[in-house]
Amino acid sequence: MKTGGQLIVEALKANGVERISCVPGESYLAVLDALYESGIEVLVCRQEGGAAMMADSWGRLTGQPGICMVTRGPGATNASAGLHIAKQDSIPMILFIGQIGRDMKEREAFQEVEYRRAFTEFAKWVGEIDDARRIPEFVTRAFAVATSGRPGPVVLTLPEDMLVEEVEAPAARAYMPVESHPGPSQMRALETMLKEAQRPMFILGGTRWSEEAVADMQAFASRFKVPVGCSFRRQMLFDHLHPSYAGDVGIGINPALSKAIKESDLIVLVGARMSEMPSSGYTLIDIPYPSQKLVHVYPDPEELGRIYRPDLAICSAPAEFAAALKLIEPPAAPLWAERKSAMHDAYLKWSTPPQTGPGAVQMGPIMEWLDANTATDTIFTNGAGNYATWVHRFHRFRKYNTQAAPTSGSMGYGLPAAVAAKQLFPEREVICFAGDGCFMMHGQEFITAVRYGLPIITVLVNNNTYGTIRMHQEREYPGRVSATDLVNPDFVAFAKAYGGHGELVEKTADFAPAFERARASGKPSIIEIKLDPEAITPTRTLTQIREKA
């Protein structure tokens, strides 16, 4: 006989769970008790949104569901921000929510929410376990749903009284991963289409990749001499210094790359949905019938043809497709080799940061220094804001599994994601980029890094404004600044008050020694960069945007 709480923990262990994030609550005390001697590491967070974002980061960096536990009502609704990120980014994650007792339903009891109504939009499946004997069934199903097809988050709610029930139940077993593979006829059709093409282009995105799959994709690009781009915030899927890399297909796309995609006669879209941001507002590829021939490779058949009608649809996980590419042969002399080289040269020019700009701090030289002084396996995390452009455009990702950033554009993600990444890979350097507005969304999780001895380095770009909104405001309503100015704390003092290390950068030359001191401190660190608000983008100032408007 075991309690529901014990059965939950046993099911997690059976499915290989080594860590969870949580904010504790009385609604799932029985699970917390079962975790006490379980061997599962528990990261106690300070806000449920941050805890859910940590679970997303684990799912993003491992391909296995990140696990988060929160209490009912406000705890669960706080966590919904992380659910939304995981849903739009196709990240496997399981959120366990403590729930009111079964005998109190439909009375609007303390913190009662009916999650199957409230969270269906945020999750692939929302289930409630009313019978403790079915815990192994529900938990194993949750892992399968979260990882199959298009991955995503699952929500399981746990009635408080169910968790203390003592029942007999079968021992939980691990879920069985399900992979989809391309068929031989589909690969032959792709080979024919490539040999008939004059201006082909590959675009990589989504999840369910692996280090081996990225290597297979790069080997294919080398054999075929074909240009390859990466979808928004999926830059780690291809080595940026590989001669086939053409750039990132995202916000603020290189105009030369945008032009090349539109002029392509064959686009092979692998693992990506090509939603609003990577498609430049659905303008790069015509809907529903692309002007180019389109091959869409995606692990979920429901996505194939949903927005773009492909000439060839291949229901396959990216890793299996990349492996199958070894079976097709390139033309003797690809017609597009020179085009590929020109596109890579255009990327190198586009990704070379400017050396000048308004104010005493220049982000261009700082980005160059970081690229020259960090290892290729350094993990970069960020949330949302104009500051992120410096990472997306000018940092040259070299290896798989070095990026954690929300394609949903959710602010506050970078810091909890960095905490989770450092806990997962303690031997690797983890750098969080954040704006002042972005950091303050989940800045309290800096204490989580301190508590668990996770020496992340946060590069905090402070311009005292919600920069992205201010940029749009100046364009649409020039000179009428409303609701975008910020007053911030002393971030150096903030870092030290939490038990970390703090540095202030007010001149470009201050950055390198400040970073080295932060690195040497062995503590979680914040490097506050005082950036002139005029430096709103790498190439345009607020004044220029206002005057053009």
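**Notebook: a buried phenylalanine, a parallel sheet and some rings**

I began with phenylalanine 96, which is found in strand S5 (residues 93–99). Helices (H or I, at least four residues) and strands (E, at least two) are DSSP runs, numbered from the N terminus. I am working on a predicted model, where local features need pLDDT of at least 70, side-chain atom pairs count only at pLDDT 80 or more, and totals for chains, interfaces and linings use all residues. Residues are numbered from 1 along each chain as its sequence is written, and side-chain values use heavy atoms, with hydrogens and water left out.

**Entry 1: phenylalanine 96**

I looked up its accessibility: phenylalanine 96 counts as buried because its relative accessibility is 1% (buried is under 20% relative accessible area, exposed over 50%, partly exposed in between, with a 1.4 Å probe and protein chains only). Leaving out residues up to four places away in sequence, I found that phenylalanine 96 touches Ile8, Leu12, Ile67, Cys68, Met69, Val70, Val139, Leu156 and Leu158 (contact means heavy atoms within 4.5 Å). I also checked glutamate 128, 32 residues apart from phenylalanine 96 along the chain; their C-alpha atoms are separated by 9.7 Å.

**Entry 2: the six-stranded sheet**

Next I traced an open sheet of six strands, in the order S11-S10-S9-S12-S13-S14, with parallel pairing (two strands pair if DSSP finds at least two bridges between them). Strand S11 (245–249) and strand S14 (312–315) stand at the edges with a single partner strand each, so one side of each has no neighbour in the sheet. On average, neighbouring strands here are turned by 15° against each other, direction ignored. For such angles, axes are lines fitted to C-alpha atoms, for helices over the stretch in contact, and angles run from 0 to 180 degrees between N-to-C directions.

I then zoomed in on S10 (residues 228–231), which pairs with S11 in the parallel sense over four bridges. Serine 231 stands opposite valine 249 in S11. Helix H12 (residues 337–350) packs on the sheet, touching S9 and S11, and its direction makes about 55° with that of S11. Helix H8 (residues 184–196) lies across S9 (200–204), S12 (266–270), S13 (293–298) and S14, running at about 140° to S14.

**Entry 3: aromatic rings**

I counted 19 aromatic pairs (rings of Phe, Tyr and Trp, its six-membered ring, with centres within 6.5 Å; planes under 30 degrees apart are stacked, over 60 edge-to-face, the rest tilted). One of them joins phenylalanine 202 and phenylalanine 220, tilted, at 5.1 Å centre to centre with 55° between the planes. Phenylalanine 202 lies in strand S9 and phenylalanine 220 in helix H9 (residues 211–224), so this pair ties together parts 18 residues apart in sequence. Phenylalanine 202 is buried at 0% relative accessibility, and phenylalanine 220 is buried at 1%.

Phenylalanine 439 and phenylalanine 494 make an edge-to-face pair, because their ring centres are 5.5 Å apart and their planes at 75°. Both belong to one aromatic cluster of Phe439, Phe446, Phe491, Phe494 and Tyr498.

**Entry 4: serine 351**

Last, I visited serine 351, in the loop between H12 and helix H13 (363–373). Serine 351 counts as buried at 1% relative accessibility. Not counting residues up to four places away in sequence, serine 351 touches Arg393, Phe394 and Arg396.
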